[in-house]
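Let's explore this protein together, one question at a time. Have the sequence and the 3D view ready.

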Amino acid sequence: MDNHLQETLLKKGRLLPVMEHFYTLQGEGAHAGVAAYFIRLGGCDVGCHWCDVKESWNAELHPLMDMEALAKNAAEHCKTIILTGGEPLMWNLSILTKKLKSLGCRIHIETSGAYPLSGEIDWICLSPKKTAMPKKEIYAKADELKMIIYNNNDFKFAEKQAALVNKDCKLYLQSEWSKREEMYPKITEFILKNPRWRASVQTHKYLNIP
Ligand code: SF4
C-alpha cells in the first residue's frame, strides 16, 4: 500500500495502530470483574512518568490493522469492548465504533481526555493527567472518573477534577501500582471521610491476567 493511501485510511480511522487485543476480565474501576474484549491502540504523548504501558507510546511500532476486521473478531468473543491505550482518542474511532455497534457491542473507553472524543461510546472512563489536561467537553460526558494516586498531592488534584464532572459520574481513587502499599491506607482514610469516592484496585495484576 502506498504511503498516501495509508495516511488517508489512518485519518479516516479505517486503519489504526494496534498494540494488542485480547479477551480477559476488566480489572479495575466500575466494571471490575466483567468479561471484556480489550483493544489497546498504540500512541500516547501524555507522558505519565509511572506509565505501565510505555511500549504503547510510539504508534509507529505497532501494526496498522483494519478496524472492521478487528471489530468483527472482537464481537465474536464478547459484546463488551474496552478501547484503551496508549491514548485511544489520538485516533478517529468512528469506523471501529460504528462496526462494533452494528454487531451489538457496548463500547467502553479508557482515556486521559486530552484529545477530542470521536465515535460512538457507551461508557467513558476519564482518567485526567496533569501533564495533558482533559478537553473541557469530556467532563460533562464522563461516566467514571478514575484518579491515579501516586503521592499526597494527587488527592487535591482528584478533588479538583471531581468538581468538574457531571453529578452522576462515579468517582474512583486507584493507587499507582508501585505505590500501593503506601497509598491504599491513605486512600481508605480519604474515602472514609469522603464517601462519595470508591477505591479501585488493579485486580487483574493479582489474578495474573492481562
Ligand atoms: S495516559 Fe495512559 S498510556 Fe499515556 S502515559 Fe499516561 S498512563 Fe501511559
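Q: Where is the place of Cys48?
A: Helices (H or I, at least four residues) and strands (E, at least two) are DSSP runs, numbered from the N terminus. Cys48 has its place in the loop between β2 and β3 (64–66).

Q: What kind of model is this, and how are residues numbered?
A: Residues are numbered from 1 along each chain as its sequence is written, and side-chain values use heavy atoms, with hydrogens and water left out. Local features need pLDDT of at least 70, side-chain atom pairs count only at pLDDT 80 or more, and totals for chains, interfaces and linings use all residues, for this is a predicted model.

Q: Does Cys48 count as buried or exposed?
A: Buried means under 20% relative accessible area, exposed over 50%, and partly exposed in between (1.4 Å probe, protein chains only). Cys48 has 13% relative accessibility, so Cys48 counts as buried.

Q: Which residues is Cys48 in contact with, leaving aside its neighbours within four places in sequence?
A: Contact means heavy atoms within 4.5 Å. With neighbours within four places in sequence left aside, the partners of Cys48 are Lys54, Trp57 and Lys129.

Q: Which residues does the UniProt annotation "binding site" that includes Cys48 cover?
A: UniProt positions are given in the numbering used here, feature names are shortened, and annotations may be inferred rather than shown by experiment. In this unreviewed entry, the annotation covers Cys44, Cys48 and Cys51.

Q: Where does the ligand sit?
A: On a 1 Å grid over the protein atoms alone, a pocket is an open set of points with protein on both sides within 12 Å along at least five of seven lines, and lining residues have an atom within 4 Å of a point. A molecule sits in a pocket if more than half of its atoms lie within 2 Å of its grid points. By that rule, the ligand sits in the largest pocket.

Q: How many residues of the shell around the ligand are charged?
A: Ala, Val, Leu, Ile, Met, Phe, Trp, Tyr, Cys and Pro count as nonpolar, Asp, Glu, Lys and Arg as charged, and the others, Gly among them, as polar. The shell divides into 7 nonpolar and 2 polar residues, and the number charged is none.

Q: Is Pro210 buried or exposed?
A: Pro210 lies in the segment after α7 (203–207). Its relative accessible area is 56%, so Pro210 is exposed.

Notes
1 Å grid on protein atoms, 1.4 Å probe; cavity = no way out; pocket = protein on both sides within 12 Å on 5 of 7 lines; lining within 4 Å.
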